[in-house]
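Reader: I have a structure open and would like to go through it with you. Can we start with the strands and move on from there?

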Amino acid sequence: MKSYKVAVLPGDGIGPEVIRQGIKVLDKVSDVYGFKVEYTYADIGGVAIDKTGEPLPSETLSICKSSDAILMGAVGGDKWDGLPLNKRPEAGLLGIRSGLGVFANFRPAKIFAPLKDASPLKDRIIGDGLDILVLRELTGGIYFGERGRTTRDGEPVAYDTMTYKKSEIERIAHLAFQIARTRNNKVTSVDKANILEVSRFWREIVIDVSKQYPDVELNHLYVDNAAMQLVIKPEQFDVIVTGNMFGDILSDEASMLTGSIGMLPSASLDSSGVGLYEPVHGSAPDIAGQNKANPLATILSVAMMLKYSFNMEEESRAIEDAVLKVLEEGFMTLDIATENAKIIGCDEMGDAVASKI
Ligand code: NAD
C-alpha cells in the first residue's frame with residue numbers, strides 16, 4: 001500500500017481545531033481509497049515560541065524537508081504581538097516558505113453554488129459559479145530585488161528593482177500550462193508589457209513555453225485590465241499566471257470574490273512537487289477554542305495536497321464533492337450561514353464532510 005509522509009503544523013488560535021478536521025477527512029479518504037498517511041506533528045508560531053523561543057525551530061523545518069507534504073493551520077495572537085518582528089509568530093510563516101523554496105503559490109477562487117449569495121458579485125456576474133486559479137510566482141520579482149535609499153538632484157530617493165531570470169519565468173509558466181491541462185485548458189498571463197521591460201521579457205518567455213502546450217489556450221492581459229476583468233467578467237478566467245507583486249494583489253481580489261475567508265485554501269509548491277498547504281485565514285483569536293471555526297478552508301487545502309503533491313485527482317475531487325454535498329444539505333458554520341442554514345460547529349463540519357466521502 002502506498003504511503004505518504006505528511007508534516008502537520010497546527011500552530012495557534014483556531015489552527016489546531018481546523019487541522020483536526022483536515023486530518024479527520026484525510027484519514028477517511030485514505031481508508032476509502034487505500035493508501036497510508038504517516039503524520040509527524042511539529043510546532044510553528046506562538047506555540048513554538050513558548051516552547052523554544054523561536055517561531056520556526058530548526059527541528060520543524062527539518063521535519064518538513066523530509067516530508068512529502070506539509071499541512072499548516074495558522075499562527076499568531078495578542079500574546080506575542082509585542083515581540084520584535086523577527087521573533088513574532090508571523091516570522092515562522094516567512095521562514096518556512098523561504099526555507100522550503102516554494103516558488104509557486106496557488107490560490108483557487110471557487111464558489112460553491114449554495115454559497116453564491118456570499119459573493120459581492122452575486123448572481124449578476126457569477127452565473128453558475130466561479131472557479132479561477134491564481135498562480136503567483138513567490139520567490140522572485142520586485143519583492144526580492146535590490147532596494148535602497150540614496151540622494152538624487154539633492155533630494156532623498158527610495159528605489160526597488162524588479163528582476164526576473166529566464167529560468168524563474170519558465171518554471172512557473174510550465175506549471176501554469178500543466179495545471180491548466182487538469183482544469184479548463186486556458187492560461188491568462190498577466191503583466192504590464194506596455195510599460196515594463198521585465199514584463200516584455202515575461203511575455204516572450206511565456207509565449208516560448210506555450211509552444212510545448214499547443215492544446216492549452218493562452219492569452220495576455222495588462223494587470224490593470226486584469227483587475228477590472230476579474231470584477232466585470234470573472235468567468236472568462238481559468239488559470240491566471242503572474243509575477244510576485246501582481247499576483248499578491250490579484251490573488252486577494254480573486255479570492256474575495258467568493259466572499260468568505262473560511263472557505264479559501266492555498267498551496268505553495270517547489271519544483272519537486274513538495275508542497276505547503278494552508279488555509280488563507282489567520283488564527284482568528286476571537287473565536288478560538290469555541291468550536292466555531294469553519295474548517296472547510298483547511299479541508300479544501302487537503303484536497304489540493306492530494307491533487308498537487310500526490311497526483312490523486314479522483315481522491316481530491318471526492319473531498320470537494322463531499323464539501324458541496326454538506327453545503328447543499330444546508331449544514332454551515334456561522335461565518336457562511338445563509339438564511340435557512342443548519343448551523344453546526346467546527347468539529348461537526350469535519351464529521352459531516354468525512355461522512356460523505
Ligand atoms: P484572521 O483571518 O485570523 O481573522 C479575520 C476574521 O475572520 C475574524 O473575525 C475571524 O474570526 C474570522 N475568521 C478567520 N478564519 C475563520 C474561520 N476559519 N472560520 C470562521 N471565521 C474565521 O485575521 P486577523 O484577525 O487579522 O489575524 C489574527 C491573527 O492571525 C494575527 O495574529 C495575524 O497576524 C495572524 N494571521 C496569520 C495568518 C497565517 O497564519 N497564515 C494569516 C493572517 C493572519
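Reader: Which residue stands opposite Phe-106 in E11?
Author: Ala-267 does. Keep in mind that this is a predicted model.

Reader: How do strands E4 and E11 run, and how many bridges join them?
Author: They run antiparallel, with 3 bridges between E4 (residues 104-110) and E11 (residues 265-269).

Reader: What stands opposite Ala-267 in E12?
Author: Tyr-277 in E12. Strands E11 and E12 are also antiparallel, and 5 bridges join them.

Reader: What about the hairpin of E11 and E12, how many residues are between the strands?
Author: There are 5, and Gly-273 takes a positive phi near 95 degrees in that hairpin.

Reader: Is E12 buried or exposed?
Author: Strand E12 (residues 275-279) is mostly covered, with 5 of its 5 residues buried.

Reader: Which residues are on which side?
Author: Gly-275, Tyr-277 and Pro-279 are on one side, while Leu-276 and Glu-278 are on the other. Both faces are covered, and that includes Glu-278, which is buried. In a regular strand the side chains alternate between the two faces of the sheet.

Reader: In what sense do E3 and E12 pair?
Author: Parallel, over 3 bridges, with E3 spanning residues 69-74. Within that pairing, Ile-70 stands opposite Leu-276 in E12.

Reader: Changing topic. How many aromatic pairs are there in the whole structure?
Author: A search finds 5. In one of them, the ring centres of Tyr-164 and Trp-202 are 5.4 Å apart and the planes are at 65 degrees, so the pair is edge-to-face.

Reader: Where do Tyr-164 and Trp-202 lie?
Author: Tyr-164 is in the loop between strand E7 (155-160) and helix H6 (166-181), and Trp-202 is in helix H7. The pair therefore ties together parts that are 38 residues apart in sequence.

Reader: Is Tyr-164 buried or exposed?
Author: Buried, with a relative accessible area of 7%. Trp-202 counts as buried too, at 3%.

Reader: And what about the rings of Phe-177 and Tyr-213?
Author: Their centres are 5.1 Å apart and their planes at 10 degrees, so that pair is stacked. Phe-177 is in helix H6 and Tyr-213 in the loop between H7 and E9, 36 residues apart. Both residues are buried.

Reader: Which residues do ring pairs link into a cluster?
Author: Tyr-4, Phe-35 and Phe-310.

Reader: Last topic, the chain overall. How many helices and strands?
Author: The protein chain has 12 helices and 14 strands. Of its 357 residues, 53% count as buried.

Reader: What is the radius of gyration of the protein chain?
Author: It is 21 Å. A compact globule with 357 residues would have a value near 21 Å, so the two agree. The C-alpha atoms fill a box of roughly 60 × 50 × 45 Å along the principal axes.

Notes
Residues are numbered from 1 along each chain as its sequence is written. This is a predicted model: local features need pLDDT of at least 70, side-chain atom pairs count only at pLDDT 80 or more; totals for chains, interfaces and linings use all residues. Side-chain values use heavy atoms; hydrogens and water are left out. Two strands pair if DSSP finds at least two bridges between them. Helices (H or I, at least four residues) and strands (E, at least two) are DSSP runs, numbered from the N terminus. The radius of gyration is taken over C-alpha atoms; the globule rule is 2.2 Å times the number of residues to the power 0.38. Buried means under 20% relative accessible area, exposed over 50%, partly exposed in between (1.4 Å probe, protein chains only). Rings of Phe, Tyr and Trp (its six-membered ring) pair if their centres lie within 6.5 Å; planes under 30 degrees apart count as stacked, over 60 as edge-to-face and the rest as tilted.
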